[in-house]
Amino acid sequence: MDAEGPQSLCGLCLAQVCLSLNSLCSRRADGSMSLVRAPLFPQELADQLLDKMATTGILTDTSVGIFRNCEALRLRRASMRRCPISAGAFRLALCAHRLQELDASWACGGLTGADVLSGLASSAGCRLSLQRLCLNGLRLDWESLGDDGRGVGFSSLRGLRTLHVANTDLTDSVLEDICALPQLETLDVSCSAVTRLTALLKCRDTLRSLIAHRLQQLDTSPGSVLPVLSQLHALRHLDLSDDHFAAGNGDGREGAETVRQLLEGGPRVLPSLASLDVSGQRGVTEAGVRAFVGSRSGLVFLGLLATGVSACDVLPSQKQLKVTGEANENQVCEALRRYRERECFTREALVRLYSLTTDSDKPRPDILKLVLAAMQSHPASLHIHLVATATVYNLTTRDLAEALPLRLLSATVTQLLHAMKTFPSHQQVQRNCLLALCSDYILQDIPFDKYLAATLVINWLSDHEEPALQRMAVAVISILVAKLSTEETAQLSKDIFIMKQLIAIVQQKAMVGVTDTTLKFALSALWNLTDEVPAAACNFIQCQGLELYEEVLESYYSDPSIQQKVLGLLNNIAEVEELQAELMEEDLLEHVLGLLQDSHLEVGVRYFAGGILAHVASRPEAWSLEEELHSTIAEQLHGSIMTWTRPEGEMVSYRSFRPFFPLLQTRQPSGVQLWALWAVHLVCSQNTPHYGGMLEKEGVTELLKALHAHPGSHGDVKALSDRILQMVERHQGPS
């Protein structure tokens, strides 16, 4: 299944097995895992499980042990790409299987090509069954095999048809051994130390595809290369591409002459050739391209990226011909598809793609997939991520994100977070990621690690004060914090630095009386950070936040949106019994009482003012001010609440009703009870399925029944309790 559709049931099950692997396994004496119950897996499913473990990053020496059970888990196509697997674990877990394909490229557990070869050669089955082997990025360590690798070298794998040894320490002598393979059809020796190609003559009748990208030590003179190539009678694909931007590449004149003669030599040179890649080569001319295309009617691919001739006039008329280049979108996308593993070409293609997507006004999931794949293939490349993150922004800005497949967008955001984490000091990468993240749709509706995102954006904010970016960062933090679980919020709030950062922004804005989105988002973030997290509320007070908020309450008296956010945070403090003493200031409480009583204010402001007063008035034993003020608060709460009208839109949401428990006790003053009841009735009437279930689960319905039945309860309290209970009962329907 691709990113545009739902995951397959098989994929979901395999993902669950990976998540539960520890509980499904026992441990052998050597620490490796073994499935406790190992049913006979369909063969393809065993391959998929190994691949899933590899791609999710859980394939290690320990976990690969489950594949020692060759009877239940029969592997044919094994991938351990970029996994930390040692030689011993590889031999024990994989070499007993009758493998047809093995990809050990870039394995990072000390595994060498020699380890792979000796392990495979030890299995009589693998010697004959293995058809495809990928060792890209490994150290071959050929000398460790001894005796020039005879008996355990590549040539011992008699069934091998495809071999990839790019970016290895491949030498001419190893190439000699490789070319002794009787059925070799595809060979990739890119970025190796090969100096001559004469060994290829051994497989002149079988070799159909030769990939020889950037062979820096190769003698590229026409007299050395062309005589060999011209004898490869079966060759249909040839890749002689180069990276002429790389340091130490010389002047490339001999290679350029070889390419020129190949292009202009006509079909007598490599008559079966249907695909040629000369991307990055110097000296490729439009005349040469015209001659080559004109003399080969069966041509299906031509690589011309970074040659300067991909706009050659002969190319558009060749409808069956795929071209990599910079001339148009099709060429650039073809380059990203074909050169996914080559950083130099991927970077070139992304630079061009960025300019092509700058004014993008249509959703392009096909292009976003290619950009994401480039980032995933080069996770540590600053050059790739610098351009790719900017291109992601082009492809997801405005309303484009909403038309993209959810899974694709989720994977893209995850990669943006990887970029922020990997390149914390690179301002432009951080800026690009922040720009892309600053989308309500992405932040609200797309699944990704919001805790990690909040942490990364907060860390970035500490070093940047540019107003536009600060506004975006604070907006992102505000929305993300509201999405965190209580446990995640508590974890995030442990760092008092975060609190200081946000309080500093509020103070900076309040000092000059500014009312802007940055201030509002900072207030929202602080409100959410302290929601049901007593430690965060305590940190807020330690950072002199309470004194600042008292000033903000007074100076922004005419701005209900600011007032509401400030009062919301003070509510969070009031919910914490140990911190209520911090609010026992007569001036503060009288100011809040004035807000409660002011009928000209929005109900949202009066509601949050009432919440603060209800909480501090609910514990008479902790009341330290004049009793007259306590009585006035209780009386005014009741009277004010009875005048409130329900707002049209959502005014507040609650993770839990637990903070209301003390307020709903039968001993409380009616004003305290009414505030909690009005709050419960408000959210239940706006979202009965969610909050009705929460009432039952948390035991609030029992408290409401007790209030309704208690002879001392005020009539208004009984009536509102009854309305809530009836609402929940109607939603539940007949039992």
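**Contacts along the chain.** I started with sequence separation. Of the contacts in the chain with a separation of 6 or more, 69% are between residues 24 or more positions apart. I noted for myself that this is a predicted model.

**Overall build.** I looked up the secondary structure next, and the chain has 32 helices and 12 strands. I then checked the radius of gyration, which is 34 Å for the chain, whereas a compact globule of 735 residues would come out near 27 Å. Along the principal axes, the C-alpha atoms fill a box of roughly 105 × 60 × 45 Å. Buried residues account for 54% of the 735 residues.

**Domains.** The domain assignment gives domain 1 as 31-88 and domain 2 as 328-446. I looked up the spacing too: the centres of domain 1 and domain 2 are 32 Å apart, taken over C-alpha atoms.

**H12 against H13.** I went on to helix pairs. Two packed helices are described by the angle between their axes and the distance between the axes. For H12 (residues 343-357) and H13 (residues 365-377), the axes cross at roughly 145° and come within 11 Å. I have the crossing of H12 and H13 down as left-handed. On the H12 side I found Thr346, Leu350 and Leu353, which meet Ile367, Val371 and Ala374 in H13. By class, the contact of H12 with H13 has five nonpolar residues, one polar and no charged.

An α-helix has 3.6 residues a turn, so residues three or four places apart point the same way.

**H14 and Thr389.** Is threonine 389 buried or exposed? I found that threonine 389 sits in H14 (residues 382-396), and that this residue is buried, with a relative accessible area of 0%. What is threonine 389 in contact with, leaving aside its neighbours within four places in sequence? I listed Met375, Leu416, Ala419, Val429, Asn432 and Cys433.

**H16 and its cover.** Val429, Asn432 and Cys433 turned up again when I looked at H16 (residues 427-437), as they are among its buried residues.

**H8 against H9.** I moved back along the chain for another pair. H8 and H9 (residues 253-264) pack at about 35°, with 9 Å between their axes. The crossing of H8 and H9 is right-handed. In H8, the residues Pro222, Val225 and Leu226 meet Glu254, Glu257, Thr258, Gln261 and Leu262 of H9. I sorted the residues in the contact of H8 with H9 and got four nonpolar, two polar and two charged.

Where is arginine 214? I placed arginine 214 in the loop between strand S8 (209-211) and helix H8 (222-229). Arginine 214 is partly exposed, with a relative accessible area of 21%; the cut-off for buried is under 20%.

Glutamine 544 lies in the loop between H23 (534-542) and H24.

**H24 against H25.** The crossing of H24 and H25 is left-handed. I noted Leu546, Tyr549, Val552 and Leu553 on the H24 side. They meet Ile562, Gln563, Val566, Leu567, Leu569, Leu570 and Ile573 in H25. The classes for the contact of H24 with H25 are 10 nonpolar, one polar and no charged.

**Ala709.** My last stop was alanine 709, which is found in H31 (residues 700-709). Alanine 709 is exposed, and I have its relative accessible area as 57%. How many residues separate alanine 709 and aspartate 722 in sequence? They are 13 residues apart in sequence, and I have 9.9 Å between them in space, C-alpha to C-alpha.

Technical notes:
Residues are numbered from 1 along each chain as its sequence is written. This is a predicted model: local features need pLDDT of at least 70, side-chain atom pairs count only at pLDDT 80 or more; totals for chains, interfaces and linings use all residues. Side-chain values use heavy atoms; hydrogens and water are left out. Domain bounds come from an automatic or database domain assignment. A crossing is left-handed if the near helix is turned anticlockwise from the far one by less than a right angle, and right-handed if clockwise. Helices (H or I, at least four residues) and strands (E, at least two) are DSSP runs, numbered from the N terminus. Contact means heavy atoms within 4.5 Å. Ala, Val, Leu, Ile, Met, Phe, Trp, Tyr, Cys and Pro count as nonpolar, Asp, Glu, Lys and Arg as charged, and the others, Gly among them, as polar. Buried means under 20% relative accessible area, exposed over 50%, partly exposed in between (1.4 Å probe, protein chains only). The radius of gyration is taken over C-alpha atoms; the globule rule is 2.2 Å times the number of residues to the power 0.38. Axes are lines fitted to C-alpha atoms, for helices over the stretch in contact, and angles run from 0 to 180 degrees between N-to-C directions.
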